[in-house]
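Here is a short tour of how the parts of this protein sit against each other. Please have the model open beside you as you read.

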Amino acid sequence: MMLARNADSLFWIGRYVERADDTARILDVAVQQLLEDPTVDTDRMVSHVLTVLGFDPGEGPHSVWSLADTVAYDRNAPGSIVGLLRAARENARGAREVISSEMWECLNATYMGLGDAERRARRLGPHDFLTHIKGRAAMFAGLSDATLSHDDGYSYLLLGRSIERVDMTARLLLSRTADHASSPSWMSVLMAAGGQDTYIRAYRGAVEAEKVVEFMMVDRLFPRSIFHTLRVAEQNLAELDKRPDRVGAQSEALLLLGRARSNLEFIDPRELMRDLSGYLLRLQQTCRLVSESVVEEHFHVAPYVSWTDTGLTAGHDGEAAR
């Protein structure tokens, strides 16, 4: 039986690293568009990206540099990339007994190298920093899969990662719901998710809003689609749910995940476009409820860390990390 504090730490490590990775992906695409497209209203787009990522856009004027400062480099913001990786490292330090040394070394080296990565990015541009973050997150995911025993701790890590991925993919799609169906900006959704090549092979290159939404939400094989991620979360939570396999015996979190997954599994993809924003907001609400239920039923830790629209609610020590 795993200690609740270790399970709690692994769950949040999964969420923090995934959020840092997805934030870097969304920010990288936005920065490239801001730097390469002179027709973009910079102030409006930066405000929109900040809102999508859960930051208060405040008063303008905004620039690509102020966007990177706020979302990527700010050491005082728990929801920035630096703040998220610090929180992941602190959780990993408290759970050294249940993670592999390779996982710890990866997170520790990543955090300790952020200063150098930021200095390079200020000379070469934010893309260098964001590419570094995506690479380190991929390394951590690979090391977790290869060096961590696939027991309850691994299931908690994947559960946290999956819940966060659903939330961030919903945010990514919400950022484009106002765009025209044939807008080239839909390609940026695929690029942020790393799915452009897979999508082009599956759909023969036709980039249309309805097809992009179908791919990102209900594709059975793409690992960052919402359906696939919900299924991974459901499978891992089912492994952790020790209740008897009887009708009505599942946890509230498992029921919520199963309902969300089955709704997507049997939906007509054309239905998604009719109320895409509403559907995505309901998915985000499901993620919040699932997270709260998991924390209550599995960890019994108070006060809880939770995502908010303006970042993270601080824990008992005033920091983002537990």
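## Two domains

The protein splits into domain 1 (1-148) and domain 2 (150-242 + 253-296), with bounds taken from an automatic or database domain assignment. This is a predicted model, in which local features need pLDDT of at least 70 and side-chain atom pairs count only at pLDDT 80 or more, while totals for chains, interfaces and linings use all residues. Residues are numbered from 1 along each chain as its sequence is written, and side-chain values use heavy atoms, with hydrogens and water left out.

## Where the domains meet

The C-alpha centres of domain 1 and domain 2 are 20 Å apart. Across the boundary, 27 residues of domain 1 are in contact with 27 residues of domain 2, where contact means heavy atoms within 4.5 Å.

About 2500 Å² is buried between the two domains, and carbon and sulfur atoms give 60% of that area. Buried area here is the accessible area (1.4 Å probe) that two parts lose on being put together, summed over both. In domain 1, Phe11, Arg15 and Glu18 lose the most area to domain 2, together making up 24% of what that side buries.

Seven salt bridges run between domain 1 and domain 2, each a side-chain nitrogen of Lys or Arg within 4 Å of a carboxyl oxygen of Asp or Glu. The structure as a whole holds 23 salt bridges. Glu164 pairs with Arg15, their closest N and O atoms being 2.8 Å apart. That pair links distant parts of the chain, with Glu164 in helix H8 (residues 152-174) and Arg15 in helix H1, 149 residues apart. Glu164 also forms a salt bridge with Arg19, at 3.1 Å between the closest N and O atoms.

On the side of domain 1 that touches domain 2, helices H1 (4-36), H2 (42-52) and H7 (126-147) each supply at least two residues. H1 gives the largest share, 16 residues. Helices here are DSSP runs (H or I, at least four residues), numbered from the N terminus.

Helix H15 (residues 276-299) has 24 residues and reaches 34 Å from its first C-alpha to its last, close to the 34 Å expected at 1.5 Å a residue. The expected span is 1.5 Å times one less than the number of residues. His300 follows H15 and has a positive phi, near 55 degrees.
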